[in-house]
Amino acid sequence: MTQELLKQINELAKKEKEQGLTQQEKELQKKLREEYRIQFRSQFQTQLKNVDVKLPDGTVIPLTQLKKK
């Protein structure tokens with residue numbers, strides 16, 4: 001899905017540069033970009049949940065358990 005989504009976004013961006021977009025195409029472009037952002041954030045959050053941090057004392061903890069200072 002993401003590859004197809006990127007292809008559509010890129011086609012609209014190219015068309016926008018070359019000849020401009022209609023109002024409907026601008027709305028579609030905005031919708032597709034937002035959908036891509038949502039998918040990207042979801043995938044990134046999933047990756048972060050699987051990251052472990054090794055502390056100076058040698059212990060390894062999940063990134064989600066690290067507290068901000």
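**Entry 1: Glu18.** Glu18 sits in helix α1; helices are DSSP runs (H or I) of at least four residues, strands (E) of at least two, numbered from the N terminus. I also noted that Glu18 and Gln45 are 27 residues apart in sequence and 36 Å apart in space, C-alpha to C-alpha.

**Entry 2: the basis.** I remind myself that this is a predicted model, in which local features need pLDDT of at least 70 and side-chain atom pairs count only at pLDDT 80 or more, while totals for chains, interfaces and linings use all residues. Residues are numbered from 1 along each chain as its sequence is written, and side-chain values use heavy atoms, with hydrogens and water left out.

**Entry 3: salt bridges.** I found two salt bridges in the structure, each defined as a side-chain nitrogen of Lys or Arg within 4 Å of a carboxyl oxygen of Asp or Glu. In one of them, the side chains of Lys15 and Glu25 meet at 2.5 Å, N to O, and this pair links distant parts of the chain, with Lys15 in helix α1 and Glu25 in helix α2, ten residues apart. Lys15 is partly exposed at 26%, whereas Glu25 counts as buried at 19%. Arg37 forms a salt bridge with Glu34, their closest N and O atoms being 2.8 Å apart, and these two residues of helix α2 are separated by about one helical turn.

**Entry 4: the core.** Which residues make up the largest nonpolar core? I listed Leu5, Ile9, Leu12, Leu21 and Leu32, and the largest share, three residues, comes from helix α1 (residues 2-18). Such a core is a set of buried Ala, Val, Leu, Ile, Met, Phe, Trp, Tyr and Cys residues joined through side-chain atoms within 4.5 Å.

**Entry 5: aromatic rings.** I counted two aromatic pairs, a pair being rings of Phe, Tyr or Trp (its six-membered ring) with centres within 6.5 Å, called stacked if the planes are under 30 degrees apart, edge-to-face if over 60 and tilted otherwise. Phe40 and Phe44 are stacked, at 6.2 Å centre to centre and 5° between the planes, and both lie in helix α2 (residues 23-49), four residues apart. Ring pairs link Tyr36, Phe40 and Phe44 into a cluster. Phe40 is partly exposed at 45%, and Phe44 is also partly exposed, at 42%.

Definitions and conventions. Buried means under 20% relative accessible area, exposed over 50%, partly exposed in between (1.4 Å probe, protein chains only).
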